[in-house]
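Colleague: I am new to reading structures. Could you walk me through one, a feature at a time?

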Amino acid sequence: MGTVELPVWLLVLILGFASVTFASHFLFPSVRWFVRRRMERLVLRMNQRLKRPIEPFKLLERQDLIQQLSYDPQVLDAVLHHAREEGLPRNVAFERARRYAREIVPAFSARTYFNVAGRVAKWLSLLMYRVDVSARDEAALQHIPQDATVIFVMNHRSNMDYVLLTWVASSQMTLSYAVGEWARVWPLSGLIRAMGAYFIRRRNLNPLYRKVLERYVQTATQEGVAQAIFPEGRLSLDGRIAPARLGLLSYILSAAKSGGRPVVFVPVGLNYDRVLEDRLLVKAGETGERRFRAGLGGIMIYVARMFWRRLWGKWDGFGQAAVRYGEPVDLSALLKDEPDLSAEAMGHLLMARVGEALPVTPLPLIAAALSSGAMTRAALPAAFSELRARLEARGTRLVLPEAPAEVILEQGLTHLLQRRILEERPEGFLAVKAGLLDYYAASVWQILGDPR
């Protein structure tokens with residue numbers, strides 16, 4: 001046999017191509033098969049435990065979902081219309097639709113959801129708060145039809161809302177969140193996609209993007225994917241529940257009108273003694289600019305510092321957090337009574353139900369009592385008790401410690417004084433940071449129908 005001499009660079013190139021070919025034809029398929037088998041076994045175990053099993057739609061390969069969405073007949077019609085309107089070649093418009101699909105479609109991983117996200121959500125929730133979970137009608141929740149698509153609609157108080165509900169619901173089902181552009185940063189975006197969340201743009205929308213998003217939401221709804229949405233669209237800047245934005249709700253309503261699975265909305269009210277972003281939110285409300293400059297690194301350092309203080313017994317958390325499930329709303333029953341139901345009417349009804357479910361924790365109640373007018377320490381217990389009686393008469397869930405009112409008030413006042421929201425003077429309490437005090441009181445005044 002003869003000898004062939006090759007330059008070193010060419011030998012390295014040949015070996016590189018051979019390695020890639022071996023990996024793509026033998027190694028990668030074997031690894032994917034192994035990972036897929038492990039995930040299927042995990043899903044099987046989880047489905048035996050969950051009240052609502054993981055839907056097959058969520059387990060499809062992400063690339064398959066992107067293909068399915070890109071070739072949806074309605075999306076293809078929108079592509080042709082977009083090409084005509086913008087004067088683009090059809091293939092360019094189609095690639096734009098595919099890019100939108102890749103941007104929206106999640107990459108659900110059962111292992112990430114349960115082994116990572118679920119455990120981290122529980123750890124963070126219990127690290128920061130004493131958590132209370134309740135329902136206005138437990139029996140109604142238990143009797144939601146098994147074949148129905150469940151959609152949680154919630155008020156948006158804090159980014160902690162995602163964490164809290166993920167943990168609370170993880171024993172019964174997996175949730176797919178609608179997440180804004182704030183989360184499209186590495187490495188957070190990968191984790192959020194793996195949890196089954198889908199991203200939504202808030203700006204620079206065009207009809208083609210809206211159609212791709214609409215068809216994804218409608219397909220997920222028809223396939224039974226349990227979802228969690230914040231109809232307000234953004235965090236509340238004043239502590240009140242805002243009217244619903246109608247984009248996602250209109251997509252879901254349109255899907256329900258076309259038949260298929262029944263849809264049941266579950267209103268959820270969330271409230272906190274301490275909202276992590278309260279200063280940022282109040283400042284944004286005062287300036288009119290929604291620019292939250294807290295970066296991911298700063299947030300992680302802050303959490304680590306709180307954990308360290310908790311570990312050494314120097315910090316007992318941010319007080320109470322409360323999750324309250326409202327009465328389910330069966331969309332099929334609504335459409336039977338009102339076939340021409342509009343998205344506006346449905347959004348108004350759902351936000352009213354969220355408001356009815358809203359619980360009250362100690363600090364908002366104390367803040368409301370203090371914001372009733374000039375208040376001395378001696379007069380505060382009477383104002384506190386009067387507000388408490390009014391809320392109880394309305395059937396509001398009060399998440400208060402089993403302690404005398406004086407003890408509850410003292411704990412809340414200590415918190416407000418330490419944060420320098422309040423200052424105590426001989427003539428009474430002075431709201432040094434009136435915006436923050438009003439922010440916490442707002443949820444109570446909204447429940448009582450007070451416009452202040």
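**A guided reading**

Modeller: Let's start with a pocket: the residues that line the second largest pocket divide into eight nonpolar, seven polar and five charged. Here Ala, Val, Leu, Ile, Met, Phe, Trp, Tyr, Cys and Pro count as nonpolar, Asp, Glu, Lys and Arg as charged, and the others, Gly among them, as polar. Before we go on, this is a predicted model, where local features need pLDDT of at least 70 and side-chain atom pairs count only at pLDDT 80 or more, while totals for chains, interfaces and linings use all residues. Residues are numbered from 1 along each chain as its sequence is written, and side-chain values use heavy atoms, leaving out hydrogens and water.

Colleague: What volume does the second largest pocket have?

Modeller: First, the idea: on a 1 Å grid over the protein atoms alone, a pocket is an open set of points with protein on both sides within 12 Å along at least five of seven lines, a cavity is a set where a 1.4 Å probe fits but cannot get out, and lining residues have an atom within 4 Å of a point. Points are joined across faces, edges and corners, and a volume is the space filled by probe spheres set on them. In this case, the second largest pocket has a volume of about 490 Å³. It is lined by 20 residues, of which Asp-316, Gly-317, Gly-319, Gln-411 and His-415 are the closest to its centre. Two elements, α16 (362-370) and α18 (405-418), each give two or more residues to this lining, and α18 gives the most, with six.

Colleague: How many helices and strands are there in the chain?

Modeller: Helices (H or I, at least four residues) and strands (E, at least two) are DSSP runs, numbered from the N terminus. This chain has 19 helices and 10 strands.

Colleague: Which residues line the largest cavity?

Modeller: The structure holds one cavity of 30 Å³ or more. The lining is made by Thr-221, Gln-222, Ala-255, Ala-256, Gly-259, Gly-260, Arg-261 and Val-263. Helices α10 and α11 (247-257) are the elements that give two or more residues to it. By class, that lining has three nonpolar, four polar and one charged residues.

Colleague: In α8, which residues are buried?

Modeller: Buried means under 20% relative accessible area, exposed over 50%, and partly exposed in between (1.4 Å probe, protein chains only). In α8 (residues 160-169), nine of the 10 residues are buried, among them Met-160, Tyr-162 and Leu-165. Across the 452 residues of the chain, 48% count as buried.

Colleague: Which residues touch the most other members of the largest nonpolar core?

Modeller: Nonpolar side chains tend to be buried together in soluble globular proteins. A nonpolar core is a set of buried Ala, Val, Leu, Ile, Met, Phe, Trp, Tyr and Cys residues joined through side-chain atoms within 4.5 Å. The largest one here has 132 residues, and Phe-152, Leu-165, Leu-175, Tyr-177, Tyr-198, Phe-265 and Leu-370 touch the most other members. For contacts, the rule is heavy atoms within 4.5 Å. Leaving out residues up to four places away in sequence, Leu-370 touches Met-375, Leu-380, Leu-413, Leu-416, Leu-422, Phe-429 and Leu-437.

Colleague: Where does Thr-149 lie?

Modeller: Thr-149 is in strand β2 (residues 149-154) and is buried, with 0% relative accessibility.

Colleague: How many salt bridges does the structure hold?

Modeller: A salt bridge is a side-chain nitrogen of Lys or Arg within 4 Å of a carboxyl oxygen of Asp or Glu. This structure holds 12. In one of them, the closest N and O atoms of Lys-211 and Glu-214 are 3.2 Å apart. Both residues lie in helix α10 (residues 207-222), three residues apart, about one turn of the helix. An α-helix has 3.6 residues a turn, so residues three or four places apart point the same way.

Colleague: Are Lys-211 and Glu-214 buried or exposed?

Modeller: Both are buried. Now look at Glu-410 and Arg-377, whose side chains meet in a salt bridge (2.9 Å, N to O). This pair links distant parts of the chain, 33 residues apart: Glu-410 is in helix α18, and Arg-377 is in the loop between α16 and α17 (380-393). Glu-410 is partly exposed at 38% relative accessible area, and Arg-377 is partly exposed at 35%.

Colleague: Which residues are linked in a network of salt bridges?

Modeller: Arg-274, Asp-278 and Arg-419 are. Happy exploring!
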